[in-house]
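Please brief me on this protein–ligand model. Start with the ligand site, then cover the fold and a few individual residues.

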Amino acid sequence: MNQNNLTNRRIVLASRPAGAPVPDNFRLETTDLPEPGDRQVLLRTVYLSLDPYMRGRMSDAESYSAPVELDAVMGGGTVSRVVTSRHPDYRPGDWVLNYGGWQDYAVADGKDITKLRDDALAHPSWALGILGMPGFTAYMGLMDIGQPKAGETLVVAAASGAVGSVVGQVAKLQGCRTVGVAGGKDKCRYAVETLGFDVCIDRRAPDFAEQLAQACPDGIDIYFENVGGAVFDAVIPLLNTSARIPLCGLIANYNLQDLPDGKDRLPLLQSLLLRKRIRMQGYIISLDYAHRFDEFVQAMGPWVKAGKVQMREDIVDGLEQAPQAFIGLLEGKNFGKLVIRVGNDTL
Ligand code: NDP
């Protein structure tokens, strides 16, 4: 491939959002192609993963991870191809998983990247989804914290999305009754007909809480927390004694600037956790479980191969579409794992 005259398009954080992100928080720039140094590779992004955690990185509030600096490239997991290599372990054309961010090209050290295995090449983007971070998040949170047992009832929201879809399917494989929550009829139909949820309830239905109670006649043993907000409010009265709550994400809160209006429900929640001996545990997949990735691959690989677990992808073409697609993710506009196709898969 001829690199002469090539430039790099990249999307940087132009300003920090107040509430929901808007297009002006991002800026598309064109720069020179970065040069790989000794033991480095130049990578061309093929797929960029867009994930809810990126909203946290846009803010400079205290968090488990440093924010993206103003005018710096938005970070993000990528599946890329090696363009030029000054590293002995990589050759032009190799497919790798890296953290290249919202840009066409990135330079990486050998230690920042992982070569995709040959059997991953049929679906390289799955390394960002079902066989990558979201699938891993679903598997560990459910199995390690949720501890599912046959006959128990599990509830998960964002049920057609990257994490929720895997939670539901894996819980079903453990013999649970699975109740999904999703935004809209199409997502609910997909969750039941394709993903095998026993029931799925539209979170936007005016009688959502009543429908959820009807769908859980024996209460809730595992509530896999993906969203918080109104879904959690409806879950609280249904929790059984010894219920487990893997606290994975709170997307309903990510754009909040203040605590929501209404009564303080903390005393009620604390009393419930105490009386019913409920275990609620937060986790950050990259910090708490990185050492167990192989365990996940050993379980998930065969399930995916056998068609027992699947993840719908919502692939959007063009790096320039990333800001709008990301804004939509926080509003539930994605339908499945959101991935930007940044470039061709051929070199
Ligand atoms: P999804 O693919 O599920 O996309 C996000 C979905 O969230 C939307 O499609 C929408 O689904 C739902 N949503 C958006 N806004 C709201 C709202 N106000 N109330 C309720 N639901 C809403 O994303 P992921 O699967 O990647 O992430 C799911 C959760 O897991 C997020 O909270 C994320 O932060 C968390 N996470 C945590 C990790 C960890 O290490 N702890 C790692 C990875 C993800 P719908 O329209 O169906 O309601």
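Which backbone atom lies 2.8 Å from an oxygen atom of the ligand? A backbone N or O atom of Gly183 does. This is a predicted model, where local features need pLDDT of at least 70, side-chain atom pairs count only at pLDDT 80 or more, and totals for chains, interfaces and linings use all residues. Residues are numbered from 1 along each chain as its sequence is written, and side-chain values use heavy atoms, with hydrogens and water left out.

**Ligand contacts**

- A polar side-chain atom of Arg203 lies 2.5 Å from an oxygen atom of the ligand.
- Tyr283 uses its backbone: an N or O atom there lies 2.8 Å from a nitrogen atom of the ligand.
- Of the 920 Å² of accessible area that the ligand has on its own, the protein covers 91%. Accessible areas come from the Shrake-Rupley method with a 1.4 Å probe; for residues, only the protein chains shown count as cover.

**Ligand shell**

- The ligand is surrounded by 27 residues, each with a heavy atom within 4 Å of it. The closest are Val163, Arg203, Asn226, Tyr254 and Asn334.
- By class, the shell has 17 nonpolar, eight polar and two charged residues. Ala, Val, Leu, Ile, Met, Phe, Trp, Tyr, Cys and Pro count as nonpolar, Asp, Glu, Lys and Arg as charged, and the others, Gly among them, as polar.
- Helices α2 (133-146) and α3 (162-173) each supply at least two shell residues.
- The ligand lies between two domains, because domain 1 (7-129 + 312-341) and domain 2 (133-289 + 298-302) both give residues to its shell. The domain bounds come from an automatic or database domain assignment.

**Overall fold**

- The chain has 10 helices and 15 strands. These are DSSP runs, numbered from the N terminus: helices are H or I with at least four residues, strands are E with at least two.
- The radius of gyration of the chain, 21 Å, is close to the 20 Å that the globule rule gives for 347 residues, so the chain is as compact as a globular protein of that length. The radius is taken over C-alpha atoms, and the rule is 2.2 Å times the number of residues to the power 0.38.
- Along the principal axes, the C-alpha atoms fill a box of roughly 65 × 45 × 35 Å.
- Buried residues make up 50% of the chain. Buried means under 20% relative accessible area, exposed over 50%, and partly exposed in between (1.4 Å probe, protein chains only).

**Helix α2**

- α2 is mostly covered, with 11 of its 14 residues buried. Among them are Phe136, Tyr139, Met140 and Leu142.
- Just after α2, Gln147 takes a positive phi of about 45°.

**Strand β3**

- Ser49 sits in strand β3 (residues 40-49). Ser49 counts as buried, at 3% relative accessibility.
- The side chains of Ser49 and Asp51 are joined by a polar contact of 2.6 Å. A polar contact is a pair of N or O atoms within 3.5 Å; within protein, one must be able to donate a hydrogen and the other to accept it, and residues adjacent in sequence count only if both atoms are side-chain atoms.

**Loop residues**

- Asp71 lies in the loop between α1 (53-57) and β4 (78-85). Its phi is positive, near 70°. Asp71 is partly exposed, at 45% relative accessible area.
- Arg277 lies in the loop between α7 (266-275) and β13 (279-282). Arg277 is not a glycine, yet has a positive phi of about 50°. At 55% relative accessibility, Arg277 counts as exposed.
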